[in-house]
Every structure is written in C-alpha cells, then in structure tokens.
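Have the viewer open as you read along.

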Amino acid sequence: MVFGPVPSRRLGSSLGISNIPPNVCSYSCVYCQAGRTCQIQTKRRAFYDPADIRDAVSEKLTKADALGTIIDYVTFVPDGEPTLDSLLGKTIALLKPLGIKIAVITNGSLIWEEEVRADLLRADWVSLKVDATVAETWRRINRPHGALKLDAILNGMLEFAQRYQGTLVTETMLVKDLNDSIPQIEKMLQFLTRLKPATAYITLPTRRPAEAWVQPPGEEAVQRAYRMFRAQLEHVA
Ligand code: SF4
C-alpha cells in the first residue's frame, strides 16, 4: 500500500502509495510495464480505508525521520489508475496534516468527472498522461475502456488546468510508428500549448512493455519530437 522512499527524477525522494490493487485501470496501454490490464473499468469505487493509508504513510515518515532521510513527496502511483479510487480526495485530505507535498500520477481519463477534478485539485503536483490527441491513435496506444471519450477527457484536462493552483505536468510516452510522426506531434502540441503544463515530459518505453512489439522511436524521431516540443512549450524534459 505504501512503499519507498524511492528516488524520483521529477520529485526527489518520494514515498509511493498504491491506493488501488494492481492492474485495475481505465486504460490498457500497449507499453504498460504492469502488463495487460486485467480489470479495465471506469466506475469509481472505494478500495482501501483512507485512515489505514494515512497511518502507513505516517509510520514510514517516522522511520525516515529517525534515519535522517528527507522525503520530498508522497505520490499516488499505483500499478493502475489512482482516480478510480472514489476516496482519493478524502485520503489526500487526511495526508495533508502530515506536512509533506502530495503528488498524483494519473492517466487523466476520468478528469471529465467533476468529482475527479475536485479530488485532484487538492494535490500539490499532478501529472496527466497525454499520449495522443487523435482518437484513433489514442485507442491504439492507450486502449481505453469503451465508455471513454477522448474529447471529454481533453476538455476536462483544460478545465482542470484553469482552476489548478499546484504544479501541473504532462507525460507523453512516444511509441515508434504510433504517435511519433510529425502530424501526430503537431496535433498534440496544439493541445499542450492550450493546457500550458509547467513541464511537458517526453518518455520512452524502456522497461518491458505489455506488448512485445512496442518499440521506442529511433534517435532521430526522438530528437525531432523534442525539438518540436521545445519550439512551442516553455519547459520540456
Ligand atoms: S494508464 Fe498507466 S497503469 Fe493504466 S494501462 Fe496505462 S500505463 Fe498501465
């Protein structure tokens, strides 16, 4: 339920929280390192008691403190989608008094729901997945639950960004021949320039993906994508 601290490239030293069981997600991304999603769903529900999560985090923080280890963030980063947890907002509210910043790494697929946006507004740092803004590509790479609609998700992200006071970042996984072409990236950038993330992260499938055929783009395509992002966005990593 709570693991770490682990060093995080983006967040420093981070305690991880799995607030849902493994492999429960609204997507089944072709590159997912947790394998194919076995329980693909979009209906939010309660999984664990928020007080148990708070107690487990508190215990880890006490131990870290005794060892002189600094923890920069507590991060919701399950092997699945953290916003499927209907008690996410309540759990964040319980963790706040512990005095550590809170991060949520989400695929953003449920952000069209007002309740999900309200839960995420409580976090200090939110990462949204933006792998594609063309519906066909989105279906091929993220393999979403059939009830999800890309337009609603993208609009929900924009609505969230307008109100959010914390640090909003995006994460784009580039997969060879799926979303690495110039037209695909141009379309993505049309959206990202409206969303205005503090940093747009480009990532590559380097760990074992759910589907063996998944490959990172070649060096030239990665550099091209990076240059295109840099030309239009303030911070790219
Ligand atoms: S959203 Fe994340 S957890 Fe869900 S399938 Fe994609 S990579 Fe895996």
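## Two helices side by side

Helices α6 and α7 are roughly parallel to each other, because their angle falls in the class under 35 degrees. Their axes, lines fitted to C-alpha atoms over the stretch in contact, come within 10 Å and cross at roughly 30 degrees. α6 covers residues 182-195 and α7 covers residues 219-232; helices here are DSSP runs (H or I) of at least four residues, and strands are E runs of at least two.

On the α6 side you will find I185, L189 and T193, which meet A225, M228, F229 and Q232 of α7; contact requires C-beta atoms, placed from the backbone, within 7 Å. These contact residues divide into 5 nonpolar, 2 polar and no charged.

## A strand with two partners

Now turn to strand β8, residues 167-173, where 5 of the 7 residues are buried, with 20 or more other C-beta atoms within 10 Å of their own. β8 pairs with strand β7 (residues 125-129) in the parallel sense over 5 bridges, where pairing needs at least two DSSP bridges. Within that pairing, W125 has T167 as its bridge partner.

Strand β9 (residues 199-203) also runs parallel to β8, joined to β8 by 5 bridges. Here T170 is partnered with A200.

## About the model

This is a predicted model, in which local features need pLDDT of at least 70 and side-chain atom pairs count only at pLDDT 80 or more, while totals for chains, interfaces and linings use all residues. Residues are numbered from 1 along each chain as its sequence is written.

Notes:
Axes are lines fitted to C-alpha atoms, for helices over the stretch in contact, and angles run from 0 to 180 degrees between N-to-C directions. Angles under 35 degrees count as roughly parallel, over 145 as roughly antiparallel, 65 to 115 as roughly perpendicular and the rest as oblique. Two residues are in contact if their C-beta atoms, placed from the backbone, lie within 7 Å. Ala, Val, Leu, Ile, Met, Phe, Trp, Tyr, Cys and Pro count as nonpolar, Asp, Glu, Lys and Arg as charged, and the others, Gly among them, as polar. A residue is buried if 20 or more other C-beta atoms lie within 10 Å of its own, exposed if 12 or fewer, and partly exposed in between; C-beta atoms are placed from the backbone.
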